[in-house]
Amino acid sequence: MDNRNQMIDLIKFIFSICIIAIHVSLFKDISSMSYYTLTMGIFRLAVPFFFVVSGYFYYKNIREERSIKNNILKIIKVFFIVELIEILIYTPILVGQKDFSILLYLWKIFSTGLGTIYWYVTSFVISLIILIPFWKKRKIGFMFIIGLILYLIAMTNDSYGLLFVGTHIQKLAIFHTQIWTYPQAGLCSSVLFLSIGAYIEEKRIDIKNVFIPILIFIVLLLGESYYLQSHQAFDANCYFTLIFLAPLLLIWCLQYSKKMFDTRIFGQMSFYVYMIHPIVLNIIRFIFPFFSSLLLFLVISVLTLFISYIIVKKQYIKNKV
């Protein structure tokens with residue numbers, strides 16, 4: 001086993017499965033309580049955690065003058081591969097619509113993907129391009145403030161949308177959403193959480209007994225998500241508690257030094273689970289539209305994990321040759 005953080009590998013893997021649960025609306029047809037608190041609550045911690053972890057490690061590599069070019073190119077390469085598949089799936093459907101626009105079609109490909117699921121990838125890459133010059137100059141605070149402002153604006157057309165109906169700030173958020181499909185897409189989520197991860201690395205933040213505030217914020221997130229979702233929140237991407245919970249979870253992972261089994265494959269699989277599951281989901285939904293959310297979740301998870309495992313294993317074999 002190498003010196004990589006094994007707990008981060010495992011939590012990334014678990015959260016990648018949580019993203020599948022979100023996209024199949026797990027528990028929605030079973031229990032409102034579970035759907036509001038878990039699917040639309042706790043599972044929403046996944047993407048902010050991915051951003052925070054990425055910000056931490058990418059900034060660390062930049063600070064230590066290590067190249068990050070290959071990692072970014074790998075992400076872009078996989079994005080284009082899955083997007084080619086999406087083009088084959090969605091193009092016949094979209095072209096047949098009355099309001100079809102070639103410009104909107106092309107914009108969707110490069111902004112969120114035709115299925116609108118890959119906003120995370122485009123937001124990540126665009127944000128890194130903007131952040132890296134600031135990171136190289138060790139200027140994290142300014143972009144953190146910008147990211148926080150953008151995130152708070154996004155909230156007004158997301159989880160807290162009902163509190164800002166008709167306000168100017170929500171109109172601004174709506175305009176952004178019309179461009180990027182989702183309030184949290186573009187720069188409105190990625191800049192903040194990437195900056196937080198970079199700040200944790202820069203300041204070597206370490207909190208004693210960090211598990212206690214983690215538990216407190218988990219409870220707060222459960223309450224926040226249940227209240228907002230039960231009052232028909234617009235969406236469930238931007239919560240106050242995520243700003244604190246995601247970095248606290250990373251800090252806990254960094255403190256966890258116990259060596260387990262080799263977790264590298266789980267860390268690698270988490271990326272492919274995220275990238276592959278939308279395609280598998282669309283195919284299975286088309287073939288079996290009658291599947292319950294739980295059955296759909298189980299089928300999609302098993303198939304996606306299997307495909308991801310095969311890809312990662314082949315990469316290991318290729319690298320050893």
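1. Arg44 and Asp235 form a salt bridge, with the closest N and O atoms 3.9 Å apart. This is a predicted model. The partners come from distant parts of the chain, 191 residues apart. Arg44 sits in the loop between α2 (32–39) and α3. Asp235 sits in the loop between α10 (211–230) and α11 (240–255). Arg44 and Asp235 are both buried.

2. How many salt bridges does the structure hold? The count is six. Side chains of opposite charge can pair when their charged atoms come close. A network of these bridges links Arg63, Glu64, Arg66, Glu201 and Arg204. Within it, Glu64 bridges to Arg63, the closest N and O atoms being 3.7 Å apart. Glu64 also bridges to Arg66, where the closest N and O atoms are 2.9 Å apart.

3. Glu64 has a relative accessible area of 32%, so it is partly exposed. Arg63, at 21% relative accessibility, counts as partly exposed. Arg66, at 49%, counts as partly exposed too.

4. Next, the aromatic residues. The structure holds 30 aromatic pairs. One of them joins Phe50 and Tyr120 edge-to-face, 6.3 Å centre to centre with 70° between the planes. Phe50 lies in helix α3 (residues 46–63) and Tyr120 in helix α6, so the pair ties together parts that are 70 residues apart in sequence. Phe50 counts as buried because its relative accessibility is 9%, under the 20% cut-off. Tyr120 is buried as well, with a relative accessible area of 12%.

5. Tyr120 has another ring partner, Phe124. This pair is stacked: 6.2 Å centre to centre, 10° between the planes. Both residues lie in helix α6, four residues apart, about one turn of the helix. Phe124 is buried, like Tyr120.

6. Which residues touch the most other members of the largest nonpolar core? They are Phe15, Phe49, Trp135 and Phe193, in a core of 97 residues. Helix α1 (residues 6–23) supplies the largest share of this core, twelve residues. Leaving aside neighbours within four places in sequence, Phe49 contacts Ile11, Lys12, Phe15, Ala246, Leu249, Leu250 and Cys253. Another core, of five residues, lies apart from the largest one. Among its members are Leu94, Tyr105, Ile109 and Leu114.

7. Helix α8 (residues 168–180) has 13 residues. From first C-alpha to last, α8 reaches 19 Å, close to the 18 Å expected at 1.5 Å a residue. Its buried residues are Gln170, Ala173, His176, Thr177 and Trp180. An α-helix has 3.6 residues a turn, so residues three or four places apart point the same way.

8. What surrounds α8? The cover over its buried residues includes α5 (102–111), α6 (119–136) and α7 (141–155). On the other side of α8, His168, Phe175 and Gln178 are exposed. Thr181 follows α8, and its phi is positive, near 80°.

9. Last, Lys313. Lys313 lies in helix α13 (residues 293–320). With a relative accessible area of 33%, Lys313 is partly exposed. Its C-alpha atom is separated by 32 Å from that of Phe27, 286 residues apart along the chain.

How values were computed. Residues are numbered from 1 along each chain as its sequence is written. Side-chain values use heavy atoms; hydrogens and water are left out. Helices (H or I, at least four residues) and strands (E, at least two) are DSSP runs, numbered from the N terminus. The expected span of a helix is 1.5 Å times one less than its number of residues. Buried means under 20% relative accessible area, exposed over 50%, partly exposed in between (1.4 Å probe, protein chains only). Contact means heavy atoms within 4.5 Å. Rings of Phe, Tyr and Trp (its six-membered ring) pair if their centres lie within 6.5 Å; planes under 30 degrees apart count as stacked, over 60 as edge-to-face and the rest as tilted. A nonpolar core is a set of buried Ala, Val, Leu, Ile, Met, Phe, Trp, Tyr and Cys residues joined through side-chain atoms within 4.5 Å. A salt bridge is a side-chain nitrogen of Lys or Arg within 4 Å of a carboxyl oxygen of Asp or Glu.
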